[in-house]
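Thanks for coming, everyone. Let me put the sequence and the model on the screen, and then we will walk through them together.

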Amino acid sequence: MRDRRFVASHRGGMLSIEHHRLLACWAAACAGRVLSRFWKDAKDQRPSEAVAGAETWVRGECSVGAARKLAVAAHAAARDAGDAASAAGAR
């Protein structure tokens with residue numbers, strides 16, 4: 001069962017949109033810091049695009065669906081990664 005503290009209020013949880021955006025901003029900042037250290041495939045921009053997508057969602061400049069697509073693509077890049085460190089960085 002999902003922790004209701006991390007479910008958006010419009011889906012029956014306790015997380016307001018303001019707090020949701022704050023958490024997404026924090027997650028994007030954390031991911032951006034580790035991505036450059038662990039992601040080795042400079043040609044594959046999917047993880048970087050996911051971080052940028054989260055940042056644009058936080059600013060209200062892209063839809064949840066668009067940001068989610070970018071996140072799914074980053075997870076696909078993690079599955080395609082050649083080593084565990086790169087996979088962890090992409091996730």
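Searching the whole structure turns up zero disulfides. A disulfide here is a pair of cysteine sulfur atoms within 2.5 Å. This is a predicted model, where local features need pLDDT of at least 70, side-chain atom pairs count only at pLDDT 80 or more, and totals for chains, interfaces and linings use all residues. Residues are numbered from 1 along each chain as its sequence is written, and side-chain values use heavy atoms, with hydrogens and water left out.

Cysteine 30 is partly exposed, at 27% relative accessible area. On that scale, buried is under 20% relative accessible area, exposed is over 50%, and partly exposed lies in between, with a 1.4 Å probe and protein chains only.

Now the helices. They are DSSP runs of H or I, at least four residues, numbered from the N terminus. Helix 1 covers residues 17–38. Its 22 residues should span 32 Å, and its end C-alpha atoms are 31 Å apart, which agrees. The expected span is 1.5 Å times one less than the number of residues. Ala24, Ala28 and Leu35 are buried in helix 1. The buried residues of this helix pack against helix 2 (46–58) and helix 4.

On to the core. The largest nonpolar core has eight residues, including Ala28, Leu35, Trp39 and Val51. Helix 1, helix 3 (64–80) and helix 4 each supply at least two residues of this core. Such a core is a set of buried Ala, Val, Leu, Ile, Met, Phe, Trp, Tyr and Cys residues joined through side-chain atoms within 4.5 Å.

Take valine 51. Leaving out residues up to four places away in sequence, valine 51 touches Ala28, Ala31, Gly32 and Leu35. Contact means heavy atoms within 4.5 Å.

Next, serine 86. Serine 86 sits in helix 4 (residues 84–90). Is serine 86 buried or exposed? At 3% relative accessibility, serine 86 counts as buried. Beyond residues up to four places away in sequence, serine 86 touches Phe38, Trp39, Lys40 and Ala81.

That is the tour. Questions, please.
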